[in-house]
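This briefing is intended for a reader who has the sequence and the model at hand. Please consult both while working through the points below.

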Amino acid sequence: MLGCAGSFPGPGSAASSYLVQADDADGRTWSALLDLGNGALGALQRWGDPAALDVVALSHLHADHVADMAVLGVYRRYRPGGALPQIAVHGPQGTAERLAHLSGHDPATDTGEQFDVRTWQVGRPVVVGPLTIEAVPVEHPVPAFGLRVVGPSEHDPGRRTTLAYSGDTDACAGLDDLATGADLLLAEAAFVEGRDDHVRGVHLTGRRAGQAAARGGSRALVLTHVPAWNDPQVALAEARDVYDGPITLAIPGATYPL
C-alpha cells in the first residue's frame, strides 16, 4: 500500500497507489504499479525501486490516481544513471493527453519519451511476466476501470491467486465481476451511508463495498480511498454489517501476501 487516501493526500498517506509484485519461475521479481496519485512516488521510493517497474496500470485519470505520473517521468528521464527505456502504461482513452497536460506540455518534462501509453481493451488482458491484468469497466463520472490481477501465490507458486482492485466506482455489475472469486478485494469506501445517499454513480460506501465482497464470495476485503474527513471506523463498521469475511483498513506500507 503506497497510498490509500481518498480524493486527496491525507496527513498520513499519499493518494491512491498500490505496488503488486510476483516472482516468476526463474526467481525474477516483476512489479506492476496500480495508479500513482499525489505524493505516491515518495512512498514508492521507500518500498520499491521506481526504475524496476515493469508496467503501470491506471484505473482512471483523476488527479488523485495519476498526478505523480508526471514526476515519475522526470525520475525516469533524469536519473544520474541515465534515462530508462519506455515503460508500458495502460489506461483509459485519453491517457496520453492527460499525462501531457500534467507535465505542462513542457519539453523538459514531457512524459512521451518515458511512457509507452496503451488504451485498455475490454476482454483483452495484459500479461506482464507472471502477472495477468484485466481491466473491467466500472461506474464513475469519467471512464474508469477496476483491475483484476492474477498471479502465482506467494505461499504456493503452483497456485494462481487474484487481487481485485475497484478503482473508483459505485456499485455496478463490473464491481461484482471484479469481486467474484477474488482472494482479496481492494475496494474504495469514500462515501458514508446516510450522509452521501443523494450522490450516486461516484463512490462506494463501506456497506456497498462489503455487499460486493459478499455477493462475489471474495475471501478477504481491504477498504481503501477513505478521505481524511471521514472516520475510517465508520466504513469498517458498515462493511462488517454485510460481509462475514476478514476485513481490514488499508494503511500505508501494509503488505498482503496472497
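**Thr 205 and its surroundings**

Leaving aside neighbours within four places in sequence, Thr 205 is in contact with Ala 189, Phe 191, Val 192, Glu 193 and Glu 238, where contact means heavy atoms within 4.5 Å. The model is predicted: local features need pLDDT of at least 70 and side-chain atom pairs count only at pLDDT 80 or more, while totals for chains, interfaces and linings use all residues. Residues are numbered from 1 along each chain as its sequence is written, and side-chain values use heavy atoms, with hydrogens and water left out.

- Thr 205 lies in the loop between E12 and H6; helices (H or I, at least four residues) and strands (E, at least two) are DSSP runs, numbered from the N terminus.
- Thr 205 is buried, with a relative accessible area of 1%; buried means under 20% relative accessible area, exposed over 50%, and partly exposed in between (1.4 Å probe, protein chains only).
- The side chain of Thr 205 makes a polar contact with the side chain of Glu 193 at 2.6 Å. A polar contact is a pair of N or O atoms within 3.5 Å; within protein, one must be able to donate a hydrogen and the other to accept it, and residues adjacent in sequence count only if both atoms are side-chain atoms.

**Salt bridges**

- The structure holds 10 salt bridges, each being a side-chain nitrogen of Lys or Arg within 4 Å of a carboxyl oxygen of Asp or Glu.
- Glu 193 also forms a salt bridge with Arg 208, the closest N and O atoms being 3.9 Å apart. Arg 208 is in helix H6 and Glu 193 in the loop between E12 and H6, so the pair ties together parts that are 15 residues apart in sequence.
- Arg 208 is buried at 8% relative accessible area, whereas Glu 193 counts as partly exposed at 30%. Salt bridges with shared partners join Asp 170, Glu 193, Arg 200 and Arg 208 into one network.
- Asp 183 and Arg 219 meet through their side chains in a salt bridge (3.5 Å, N to O). This pair links distant parts of the chain, 36 residues apart: Asp 183 is in the loop between H5 and E12, and Arg 219 in the loop between H6 and E13.
- Another salt bridge joins the side chains of Glu 113 and Arg 77 (3.6 Å, N to O). Glu 113 is partly exposed at 46% relative accessibility, whereas Arg 77 is buried at 18%.

**Strand E13 and its crossovers**

- Strand E13 (residues 221-224) is covered on both faces: Leu 221 and Leu 223 on one side, and Val 222 and Thr 224 on the other, are all buried.
- E13 runs parallel to strand E12 (residues 184-188), and four bridges join the two; strands pair if DSSP finds at least two bridges between them. The bridge partner of Glu 188 in E13 is Thr 224.
- From E12 the chain crosses through helix H6 (residues 206-216) to E13 in a right-handed β-α-β crossover. A crossover is right-handed if, with the strands pointing away from the viewer, the path from the first strand over the helix to the second runs clockwise.
- Three bridges join E13 to strand E14 (residues 247-249), again in parallel, and Leu 223 stands opposite Leu 249 in E14. A right-handed β-α-β unit is made by E13, helix H7 (residues 232-240) and E14.
- Buried residues of H6 are Gly 206, Arg 208, Ala 209, Gly 210, Ala 212, Ala 213 and Gly 216. What covers them includes helix H5 (173-179), E12, E13 and H7.

**Positive phi angles**

- His 225, in the loop between E13 and H7, has a positive phi of about 60° although it is not a glycine. His 225 is buried, with a relative accessible area of 1%.
- Asp 35, in the loop between strand E4 (29-34) and helix H1 (40-47), has a positive phi near 65°. Asp 35 is buried at 0% relative accessible area.

- Asp 68 is located in the loop between helix H2 (63-66) and helix H3 (69-78).
- Asp 68 is buried yet has no salt bridge, and the nearest side chain of opposite charge, Arg 46, is 9.9 Å away. Lys and Arg count as positive and Asp and Glu as negative; His and the chain ends are not counted.
- The side chain of Asp 68 reaches the backbone nitrogen of Ala 40 at 3.0 Å.
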